[in-house]
Amino acid sequence: MKNRVIYLKHKNITTAALMVDECSNILAVKIREQTRKHLPVSVSDEASLKTWLMGRGIPAARKDFERDFGGVSSFELMLNNLGLSLVDCYWLCPGDYEKSWQEVNLYSNHFRESYSLDLDRKETIADIYSKTNFVPSTSLKGDLKKKWIIRKNNIRSLVKGNYGSGCVQSLSEVLASEIHKRQGAAHAPYHLIHISSNGRKLIGCICDAFTSEQVEFISAYEALDHVKKPNSISYYEFFIECCARLGVDVRDFLEYQILTDFVISNNDRHLNNFGLLRDADSLEMIGIAPIFDSGNSMFYSGGYIPAGKGLLDLDTTSFFSKEVKLLKQVKDRSWVNLALLPGEDYVYRLLKIDAELSEERVSRTVEAYRQKIVYLDDFMNGADLWDYKYRR
């Protein structure tokens with residue numbers, strides 16, 4: 001097989017050309033200057049475009065990737081499905097391909113739902129439309145198994161599994177959704193769903209897409225990556241500045257997200273699971289994306305659950321490595337109405353859905369949640385939780 005030319009397109013607008021060999025290795029990349037403004041936000045040159053392309057597919061580190069795909073690389077898998085996604089309007093068009101965006105996009109055309117988790121077809125959610133050859137799940141980031149499906153009324157929805165045999169990650173998504181619903185905050189609502197994986201009946205979660213042919217998601221990482229950060233400020237403040245340049249004020253949103261993540265002990269608010277929404281045609285920023293992807297919470301990974309002041313020394317993956325360092329960035333401490341937070345009974349009943357959890361673990365997790373609310377109350381009343389005098 002000879003080398004191939006592949007075009008990166010934003011809808012029907014060609015933004016760059018790639019030269020790809022018979023093994024789907026990228027040999028060369030050339031940006032089209034006339035349409036540069038349609039490139040992904042984080043792309044400034046050919047090198048950053050190649051990085052963006054290589055990071056678009058399923059991470060090779062995802063569980064069972066080698067077994068599921070039999071030696072096919074993540075990039076080749078994505079390329080075979082035109083790099084189509086349900087996050088934005090970019091796709092990879094072979095040089096001899098004659099179809100348009102209108103004919104291939106996954107927002108208005110049917111697609112194949114394979115490559116991750118099987119649904120329990122007894123669920124009402126299984127009113128699936130006819131399928132085509134393309135699989136949007138090949139452009140899904142993250143290590144957790146997940147897949148896109150088409151639900152009744154043509155709704156695109158994301159189904160997610162869990163690490164291990166339990167379902168605390170899915171339960172955490174539901175808890176976060178309940179918190180944000182009660183607080184009146186924009187969020188992607190998650191619901192529990194029966195799934196199967198490797199022949200086992202499990203509980204996962206599902207949420208509907210908040211993107212469309214008109215609305216794209218721009219991750220915080222992409223918003224940050226297109227400008228060099230000065231040494232004088234933190235990445236947190238730099239992100240706020242970058243968003244302000246794009247016309248979006250994100251400070252209030254970040255503060256609310258920090259406070260609610262603290263309550264559920266979310267240890268993974270990395271820069272790809274929050275961000276902005278953009279108009280796919282005008283390229284103008286619309287605003288902040290609804291809160292989503294809060295599953296790595298409530299001590300989902302097992303192991304020791306701290307108690308008391310030990311809950312103020314938790315690690316996290318975000319702008320800072322500790323929860324309390326994130327709290328230190330909050331200027332307005334009043335974003336959360338404590339009276340509206342789900343009570344301990346609600347959390348207990350939710351966790352009891354996971355048959356893998358012992359009664360002791362459920363109780364310890366509920367107690368940690370209760371104590372976090374106490375600490376948040378102290379914080380909202382002026383206590384600096386990172387201060388040594390408070391924590392001793």
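Let me start with Tyr 375, which in this predicted model has a relative accessibility of 4% and therefore counts as buried, since the cut-off for that word is under 20%. Its ring is paired with the ring of Tyr 390, and because the centres are 6.2 Å apart and the planes stand at 75 degrees, we call this pair edge-to-face. The two residues are 15 positions apart, with Tyr 375 in helix H11, which covers residues 359-380, and Tyr 390 in helix H12, which covers residues 388-391, so that the pair links distant parts of the chain.

By the rule we use for rings, the chain has 12 aromatic pairs. Another of them joins Phe 274 and Phe 319, whose ring centres lie 5.9 Å apart with planes at 65 degrees, so this pair is edge-to-face as well. Here Phe 274 sits in the loop between helix H8 and strand E11, while Phe 319 sits in the loop between strand E12 and helix H9, 45 residues apart. Phe 274 is buried at 3% relative accessibility, and Phe 319 is also buried, at 13%.

Now to the chain as a whole, which has 12 helices and 12 strands. Of its 392 residues, 53% are buried, and among contacts with a separation of 6 or more, 61% are between residues 24 or more positions apart. A compact globule of 392 residues would have a radius of gyration near 21 Å, and because this chain has 22 Å, the value agrees with that expectation.

Key:
Residues are numbered from 1 along each chain as its sequence is written. This is a predicted model: local features need pLDDT of at least 70, side-chain atom pairs count only at pLDDT 80 or more; totals for chains, interfaces and linings use all residues. Side-chain values use heavy atoms; hydrogens and water are left out. Helices (H or I, at least four residues) and strands (E, at least two) are DSSP runs, numbered from the N terminus. The radius of gyration is taken over C-alpha atoms; the globule rule is 2.2 Å times the number of residues to the power 0.38. Buried means under 20% relative accessible area, exposed over 50%, partly exposed in between (1.4 Å probe, protein chains only). Contact means heavy atoms within 4.5 Å. Rings of Phe, Tyr and Trp (its six-membered ring) pair if their centres lie within 6.5 Å; planes under 30 degrees apart count as stacked, over 60 as edge-to-face and the rest as tilted.
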